[in-house]
Amino acid sequence: MPEGAGRGAGTETEMPIYEYVCLDCDNQFDRLWPTVASAQDQQPDCPACGSGTTRRTMSRVAVLGELGGLTPQEESASSAETAKAASYTPKEQIDTLQANRQRKREQGR
Ligand SMILES: [Zn+2]
């Protein structure tokens with residue numbers, strides 16, 4: 001089995017933000033969870049009216065990685081870029097691309 005495509009991000013260590021809507025007052029709010037798993041079967045109370053009748057919406061899911069702030073767009077763009085590169089780029093070049101991207105992230109902090 002070949003080595004993985006260099007995807008080092010494990011979902012267990014990332015902090016997801018989910019968007020909820022209150023079914024009583026239509027308030028929309030975000031909730032940051034410590035882990036993806038912890039968000040699965042929990043339902044936060046509405047911060048506006050205190051109602052427990054809230055529903056998670058699928059409109060937006062953000063994940064804060066170890067660098068503390070990749071937007072979902074950046075996440076998918078970077079995965080798509082890697083997948084696209086993998087179809088015609090030798091492995092050394094992919095490594096270089098990923099190293100460059102990593103460097104860019106560090107400078108952008
Ligand atoms: Zn409410």
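Q: A strand is a DSSP run of E that spans at least two residues; in this predicted model, in which strand is D30 found?
A: D30 is found in strand β2, and that strand covers residues 28–32.

Q: What does D30 touch, not counting residues up to four places away in sequence?
A: D30 touches I17 and E19. The term contact applies because the C-beta atoms of such a pair lie within 7 Å. E19 is also the bridge partner of D30. A further separation concerns T57: D30 and T57 are 27 residues apart in sequence, with their C-alpha atoms 9.9 Å apart in space.

Q: How do you know that β1 and β2 are joined, and in which direction do they run?
A: Two strands pair if DSSP finds at least two bridges between them. Here 5 bridges join β1 to β2, so the strands count as paired, and they run antiparallel. One of the facing residues is Y18, which stands opposite R31 in β2.

Q: What do β1 and β2 form, and how many residues are between them?
A: They form a hairpin with 5 residues between them. D26 is in the turn of this hairpin, in the loop between β1 and β2.

Q: Why does D26 count as exposed?
A: The cut-off for exposed is 12 or fewer C-beta neighbours. D26 has 10 C-beta neighbours inside 10 Å, and therefore counts as exposed.

Q: Why does P16 count as partly exposed?
A: P16 is found in strand β1, residues 15–22. It has 19 C-beta neighbours inside 10 Å. A buried residue needs 20 or more and an exposed one has 12 or fewer, so a value of 19 makes P16 partly exposed. The C-alpha atoms of P16 and V36 are separated by 5.8 Å, although these residues are 20 apart along the chain.

Q: What makes M15 partly exposed?
A: M15 is found in strand β1. It has 17 other C-beta atoms within 10 Å, a value between the limits of 12 and 20, and so is partly exposed. M15 and A39 are 24 residues apart along the chain, with 9.6 Å between their C-alpha atoms.

Q: Why does G52 count as exposed?
A: G52 lies in the loop between α1 (36–40) and β3 (54–64). Its 11 C-beta neighbours inside 10 Å fall within the limit of 12 or fewer, so G52 counts as exposed. Leaving aside neighbours within four places in sequence, G52 is in contact with Q43 and D45. The C-alpha atoms of G52 and C22, 30 residues apart along the chain, are 8.0 Å apart.

Q: What pattern does the protein chain follow along the sequence?
A: The pattern is β-β-α-β-α-α, with 3 helices and 3 strands in the chain.

Q: What percentage of the residues in the protein chain is buried?
A: Of the 109 residues, 4% are buried, where that word requires 20 or more other C-beta atoms within 10 Å.

Terms used
Residues numbered from 1 in each chain as written. Predicted model: local features only at pLDDT ≥ 70, side-chain atom pairs only at ≥ 80, totals over all residues. Helix = DSSP H or I, 4+ residues; strand = E, 2+ residues; numbered from the N terminus. pLDDT = per-residue confidence, 0-100. Contact = placed C-beta atoms within 7 Å.
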